[in-house]
Amino acid sequence: MTTTPSRPRDPAIRGAGLLLLLTAAATVVMVFARVSADTDQPELLESIRAIAANKVMYSLSGAARLSSGLTLIAAAWFLWRTWIVRERFGTPLAPLLLAVSGAFTAGSGVCAIALAAAAPAASEAAVLNVVDASTEAIESVRWITGKLGFAAAGLALLVAAQRQWRAGGAIRRIAPASLVLGIAMQFIWVDAATIVHRISGVAFVLWLAAIALMLLTGRVERHFAAMQDSSRADYR
């Protein structure tokens with residue numbers, strides 16, 4: 001016999017689900033625009049040339065990255081406010097790490113937009129004039145904040161994996177994927193592991209979408225509500 005949860009739907013859970021879905025969508029746009037711009041060159045001068053030649057797409061990638069960071073911060077705030085976290089069925093550390101990830105990701109997006117704004121649309125001489133100490137600093141900040149954002153999201157998955165496993169049921173089935181993906185995302189610091197970066201990036205978007213749908217449909221909430229009802233019955 002199925003137990004009906006004793007509490008109404010938590011709007012914070014639905015809000016978190018919607019914002020995680022928006023984060024996944026913005027990330028897809030960011031990746032598409034960045035690949036289309038083809039600006040990942042070994043030398044900064046070559047990257048600036050590519051940005052200048054594909055300014056619209058690179059600007060779009062920066063704006064999408066900024067948007068994904070902001071929506072991730074908002075999703076983390078909603079997750080923090082859910083009864084699941086407040087009553088310690090879920091750990092508050094996971095949304096905290098997601099918020100940190102969103103902040104770094106948004107910062108990386110701002111830097112990308114700044115590089116697009118600085119890149120000239122004209123001559124080779126103009127490109128050479130743009131590449132100075134300030135441009136190098138912006139690119140360095142974009143690079144490190146992007147990696148920190150991705151790594152922090154991976155740490156959030158590792159933290160979540162522990163609670164997912166302890167939750168049991170359908171939630172437990174997600175835990176191994178969260179664990180493996182969280183570890184794989186830490187390889188962002190290894191430049192030679194390019195294939196791992198690509199696979200883990202796609203997998204993270206899929207993970208965001210899957211968790212978002214579970215939150216939106218109430219599947220996560222029903223599971224923890226049943227756990228709560230069971231624990232109350234045991235207490236009585």
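Of the 37 residues in the largest nonpolar core, which touch the most other members? They are Leu20, Met185, Phe204, Trp207, Leu215 and Val220. A nonpolar core here is a set of buried Ala, Val, Leu, Ile, Met, Phe, Trp, Tyr and Cys residues joined through side-chain atoms within 4.5 Å. Buried means under 20% relative accessible area, exposed means over 50%, and partly exposed lies in between (1.4 Å probe, protein chains only).

This is a predicted model, in which local features need pLDDT of at least 70, side-chain atom pairs count only at pLDDT 80 or more, and totals for chains, interfaces and linings use all residues. Residues are numbered from 1 along each chain as its sequence is written, and side-chain values use heavy atoms, with hydrogens and water left out.

Start with the overall fold. The protein has eleven helices and zero strands. Helices (H or I, at least four residues) and strands (E, at least two) are DSSP runs, numbered from the N terminus. Of the 236 residues, 45% count as buried. Contact means heavy atoms within 4.5 Å. Among contacts between residues at least 6 apart in sequence, 78% join residues at least 24 apart. The accessible surface comes to about 11,900 Å², and carbon and sulfur atoms hold 67% of it. Such areas come from the Shrake-Rupley method with a 1.4 Å probe; for residues, only the protein chains shown count as cover.

Now return to the core. Leu20 and Val220 are among the residues that touch the most other members. Two or more residues each come from helix 1 (11-37), helix 3 (55-81), helix 4 (83-86), helix 5 (93-118), helix 7, helix 9, helix 10 (194-216) and helix 11 (219-235). Helix 10 gives the most, with eight residues. As for Val220, its contacts include Ile84, Ile171, Met214 and Leu215, leaving out residues up to four places away in sequence.

Next, look at the surface. Val141, Trp143, Ile144, Leu179, Val180, Ile183, Phe187, Trp189 and Val190 form a nonpolar patch there. Together they have about 770 Å² of accessible area. Helix 7 (133-167) and helix 9 (175-185) each give two or more residues to the patch. Patches are made of residues with over 30% relative accessible area and no salt bridge; like charges are joined within 9 Å, and nonpolar side chains (Val, Leu, Ile, Met, Phe, Trp, Tyr) within 5 Å. Leu179 sits in helix 9. Its relative accessible area is 41%, so Leu179 is partly exposed.

The aromatic rings come next. The structure holds five aromatic pairs. Rings of Phe, Tyr and Trp (its six-membered ring) pair if their centres lie within 6.5 Å; planes under 30 degrees apart count as stacked, over 60 as edge-to-face and the rest as tilted. Trp77 and Phe78 make an edge-to-face pair, 5.2 Å centre to centre with 85° between the planes. Trp77 is partly exposed at 48% relative accessibility. Phe78 is partly exposed too, at 25%. Phe89 and Phe224 make a tilted pair, with 6.0 Å between centres and 55° between planes. This pair links distant parts of the chain, 135 residues apart: Phe89 is in the loop between helix 4 and helix 5, and Phe224 is in helix 11. Phe224 is buried, at 7% relative accessible area. Ring pairs also bring in Trp83, which joins Phe89 and Phe224 in a cluster.

Finally, turn to the charged side chains. The structure holds five salt bridges. A salt bridge is a side-chain nitrogen of Lys or Arg within 4 Å of a carboxyl oxygen of Asp or Glu. Arg9 and Glu221 form one of them, at 2.7 Å from N to O. Arg9 lies in the segment before helix 1 and Glu221 in helix 11, so this bridge ties together parts 212 residues apart in sequence. Arg9 is partly exposed at 31%, whereas Glu221 is buried at 4%. Glu139 and Arg142 form another bridge, at 2.8 Å from N to O. These two are three residues apart in helix 7, so about one helical turn separates them. Arg142 is buried, at 9% relative accessibility. Arg142 is also in contact with Ser108, a residue of helix 5. Ser108 is buried as well, at 1%.
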